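Dear colleague,

Please find below the structure that I am handing over to you.

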Amino acid sequence: MNAFILQHIRSIEMTGVLMRIGSFSLVSWFGPKCPFMAVWIVNTLDAVMLTWCARLKRDNAYTVLNAFWILLGVIGILRAGNVLH
């Protein structure tokens, strides 16, 4: 799997960045009517993608930053699903 990711790392990173831009654009456009569960799911998936890429590139700063976004994404999913208040 790592070999595949390294072979396509630029495309995977760009996809992750575009996913993050798209999910947060929804929040800006829709405000309180935004589908927050969908936003947090997309945000968490892009964070996993970007963390994996950063880790393979041995980029510690971006690994930590995107791993933090995974944590925020899980919290966001739990809050959007009314599991965590």
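**Overall architecture**

The chain contains 4 helices and 0 strands, where helices (H or I, at least four residues) and strands (E, at least two) are DSSP runs numbered from the N terminus. Its pattern along the sequence is α-α-α-α.

Please note that this is a predicted model, in which local features need pLDDT of at least 70 and side-chain atom pairs count only at pLDDT 80 or more, while totals for chains, interfaces and linings use all residues. Residues are numbered from 1 along each chain as its sequence is written, and side-chain values use heavy atoms, with hydrogens and water left out.

Along the principal axes, the C-alpha atoms of the chain fill a box of roughly 40 × 25 × 20 Å. The chain has 85 residues, of which 27% count as buried; buried means under 20% relative accessible area, exposed over 50%, and partly exposed in between (1.4 Å probe, protein chains only). The accessible surface is about 5,800 Å², and 70% of it belongs to carbon and sulfur atoms; these areas come from the Shrake-Rupley method with a 1.4 Å probe, and for residues only the protein chains shown count as cover. Of the contacts (heavy atoms within 4.5 Å) between residues at least 6 apart in sequence, 61% join residues at least 24 apart.

**Helix 3**

Helix 3 spans residues 36–56. Its 21 residues reach 30 Å from the first C-alpha to the last, close to the 30 Å expected at 1.5 Å a residue; the expected span is 1.5 Å times one less than the number of residues. The buried residues of helix 3 include Val39, Trp40, Leu50 and Cys53. Among the elements that cover the buried residues of helix 3 are helix 1 (2–7), helix 2 (9–30) and helix 4 (60–80). Just after helix 3, Arg58 takes a positive phi of about 60°.

**Aromatic cluster**

The whole structure holds 2 aromatic pairs. Rings of Phe, Tyr and Trp (its six-membered ring) pair if their centres lie within 6.5 Å; planes under 30 degrees apart count as stacked, over 60 as edge-to-face and the rest as tilted.

Phe24 and Trp40 are edge-to-face because their ring centres are 6.4 Å apart and their planes stand at 85°. This pair links Phe24 in helix 2 with Trp40 in helix 3, 16 residues apart. Phe24 also forms an edge-to-face pair with Trp69, at 5.7 Å centre to centre and 65° between the planes. Since Phe24 lies in helix 2 and Trp69 in helix 4, that pair ties together parts 45 residues apart in sequence. Phe24, Trp40 and Trp69 form one aromatic cluster.

With kind regards
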